Amino acid sequence: MLRRIAIAFWSILFLFVMAIPAYSGGLDGKTFLGQSGNKGKEASSEEELRFHNGKLFSAGCAEWGFDESDYTAKVQGDIIHFASEMLSPKHGKIVWNGTVKGDKVDATYVWTKKRWYWKDAYQEKWLKGTLNK
């Protein structure tokens, strides 16, 4: 009898733990709209950055074949730090690092692509936006 209770307890605990979503630092469900540009330069494009189900999606990067990607988030005081790495089969990799404070996002992202026939691609960009309410 005790063994059945223990098995039931561990089974329920396992199901409960599996149902908990990955920690998102409170970013999941948020969308930010803002301006983006090359490092050290003025804004050159509009950007939409979405956090959903532990994934980060960039509308601007999606145009180049970069799909949503897992992200990590860490809360320090009233600031949420996030990071993500997006991959594209044709266009390389984009590494995101940013912070969210209140309803503002401030991020940098670096695009790289190794090329065998020409100089490797490397661009540093920035994003500043506000929460889309």
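Start by selecting Leu56: its bridge partner in S4 is Ser69. The model in the viewer is predicted.

Strand S3 covers residues 55-58 and strand S4 covers residues 69-76; they pair in the antiparallel sense over two bridges.

Now show the whole sheet. Eight strands close into a barrel, with antiparallel pairing in the order S1-S2-S3-S4-S5-S6-S7-S8. From one strand to the next, the twist averages 30°.

Following the sequence, the pattern reads α-β-β-β-α-β-β-β-β-β.

Return to side chains and select Leu27, Leu49, Phe51, Leu56, Phe82 and Trp96. Within the largest nonpolar core, which has 19 residues, these touch the most other members. At least two residues of this core come from each of strand S2 (45-52), S4, strand S5 (79-88), strand S6 (92-101) and strand S7 (104-113).

From that group, pick Leu49. Which residues does Leu49 contact, leaving aside its neighbours within four places in sequence? The partners are Lys30, Thr31, Phe32, Leu56, Phe57, Ser58, Phe82, Trp96, Val105 and Leu127.

The accessible surface comes to about 9300 Å², and carbon and sulfur atoms account for 60% of that. Of the 133 residues in the protein, 28% are buried. Among contacts between residues at least 6 apart in sequence, 37% join residues at least 24 apart.

How values were computed. Residues numbered from 1 in each chain as written. Predicted model: local features only at pLDDT ≥ 70, side-chain atom pairs only at ≥ 80, totals over all residues. Heavy atoms only, no water. Helix = DSSP H or I, 4+ residues; strand = E, 2+ residues; numbered from the N terminus. Buried < 20%, exposed > 50% of the residue type's maximum accessible area, 1.4 Å probe, protein only. Contact = heavy atoms within 4.5 Å. Areas by Shrake-Rupley, 256 points an atom, 1.4 Å probe, with all protein chains shown as cover. Pairing = 2+ DSSP bridges. Axes fitted to C-alpha atoms, helices over the stretch in contact; angles between N-to-C directions. Core = buried A, V, L, I, M, F, W, Y, C linked by side-chain atoms within 4.5 Å.
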